[in-house]
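I opened this notebook to record what I looked up in one structure. The entries follow the order in which I took up each topic.

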Amino acid sequence: MHDNQSYQAIIIGGGLAGLSLAILLAKDNRKVLLIDKGEYPRHKVCGEYISLESWNFLERLGIPLNTMNLPQFNSLRISSEKGTELQSELDLGGFGLSRFVLEELMYKRALELGVTVLTNTKYLNYSKEERSFIVETTKGTFKTEVLCGAFGKYAPKPFFKKNEEKHNWVGIKYHITLDHAEDEIALHNFEGGYCGMSKIEDGKSCLCYLVKQEQLAKHNNDIKSLEESVLRRNPYLDKIFSNAQFHYNKPMVISNVTFSVKEPTWQDVFYLGDSAGTIAPLSGNGMSNAMRSAYLLHKHLTFLFKGQKSKAETMHNYRKDWLTHFGGRIRFGRFVQQFFCKKNLNEASIRILKHATFIHKQIIKKTHGKSF
Ligand SMILES: Cc1cc2nc3c(=O)[nH]c(=O)nc-3n(C[C@H](O)[C@H](O)[C@H](O)COP(=O)(O)OP(=O)(O)OC[C@H]3O[C@@H](n4cnc5c(N)ncnc54)[C@H](O)[C@@H]3O)c2cc1C
């Protein structure tokens, strides 16, 4: 137990958002505590396509991407359930790296810089005491002036929680070995969802799909049956499921996934990454958004720690900055996602986009940001 220790900042959640912020603050010699209920390394349900907008940022954090010989993508292939396909160049593009490797590298970097990281530690509750927060965890109680929620999609109490949405999704992921284009990210549609595939490190590929919970329920929540009778109706997915070597016995699954803008600040707490807002995975930049939100929050916290801005001003400025960068992007991502999951709309959208390069370039532009 480490009761009553005091930190300049406590971050709940050591995913990409929490790890990025912890590293940035530690580089300024701030005393930081990062708490995660899991341990590193670990797999996470994610397409593992990382928009190139965050390459320079990760390098600056000290993650040696330039030396890792990672697959890079400059082309996008989309197919409808009937097999109609669209291929286009990606202006910015992306690279492939598993969460297993990336989070482990960031965790080690955070430790190297002096962040106190408590793994296998569950956040339990927080309360406020004048200007500070008391944070209770399974490994003790801690005190801080700055509390940051980076716990991802599911908010523990009493953090801000958005009312449940009507449509929930399930995310399913495999690592596979399959011979396919190195420089391409593919998005294959099926009734009630879509499946991404792209290369990651060591010649492996990530195959990850998102399906409406109601579609899975129609198959008695049996993933195999869903794949056999729905996903494999798309000829591209049929080929993948027939020819790939699957590396897990069972897929990784997460449920109750929703996409919306939540709150970047609420009752004196800062939120970042998916805790502040979750973008639809087809945009391919939830991870970059998580890292960019840490980058923005760090900028504002620097003014606070230097005494140049008050807590209220910092909250106001971060909120404004966050909404400018992500508010519209998240709503637009959700709007586009609707077209990808309805059988007829999907076929029609792909046929239209095939002849309107300008429109799909605009979609990519509206859901992505510049390098930071
Ligand atoms: C199916 C699917 C596919 C996706 N594909 C892509 C993709 O290809 N490219 C892309 O850029 N984005 C993708 N995303 C989005 C991306 O995964 C997220 O946006 C990103 O992981 C957000 O990072 P985060 O740090 O905010 O949250 P997370 O990575 O979820 O981290 C939150 C952390 O908080 C910890 N935590 C939670 N509760 C507690 C608690 N009570 N106590 C202590 N710790 C706690 C968790 O252990 C976790 O490590 C995808 C999402 C889904 C659902």
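Predicted model: local features only at pLDDT ≥ 70, side-chain atom pairs only at ≥ 80, totals over all residues.

**Entry 1: helix 7.** I compared the length of helix 7, residues 286-305, with expectation. Just after helix 7, I noted a positive phi of about 75° at Gly 307.

**Entry 2: Ser 288.** Is Ser 288 buried or exposed? Its relative accessibility is 0%, and because buried means under 20%, Ser 288 counts as buried. Leaving aside residues up to four places away in sequence, I found that Ser 288 touches Ile 50, Ser 51, Glu 53, Ser 54 and Phe 372.

**Entry 3: helices 1 and 3.** I looked up how helix 1 (residues 16-27) packs with helix 3 (residues 99-112): the angle is about 25° and the axes lie 9 Å apart. Angles under 35 degrees count as roughly parallel, so I recorded helix 1 and helix 3 as roughly parallel to each other. The crossing of helix 1 past helix 3 is left-handed. On the helix 1 side, the contact is made by Leu 16, Leu 19, Ser 20, Ile 23 and Lys 27. Helix 3 contributes Arg 99, Leu 102, Glu 103, Met 106, Tyr 107, Arg 109 and Ala 110. Sorted by class, I listed seven nonpolar, one polar and four charged residues in this contact.

Conventions:
Residues numbered from 1 in each chain as written. Heavy atoms only, no water. Helix = DSSP H or I, 4+ residues; strand = E, 2+ residues; numbered from the N terminus. Buried < 20%, exposed > 50% of the residue type's maximum accessible area, 1.4 Å probe, protein only. Contact = heavy atoms within 4.5 Å. Axes fitted to C-alpha atoms, helices over the stretch in contact; angles between N-to-C directions. Parallel < 35°, antiparallel > 145°, perpendicular 65-115°, else oblique. Left-handed = near helix turned anticlockwise from the far one by under 90°. Nonpolar A, V, L, I, M, F, W, Y, C, P; charged D, E, K, R; others polar.
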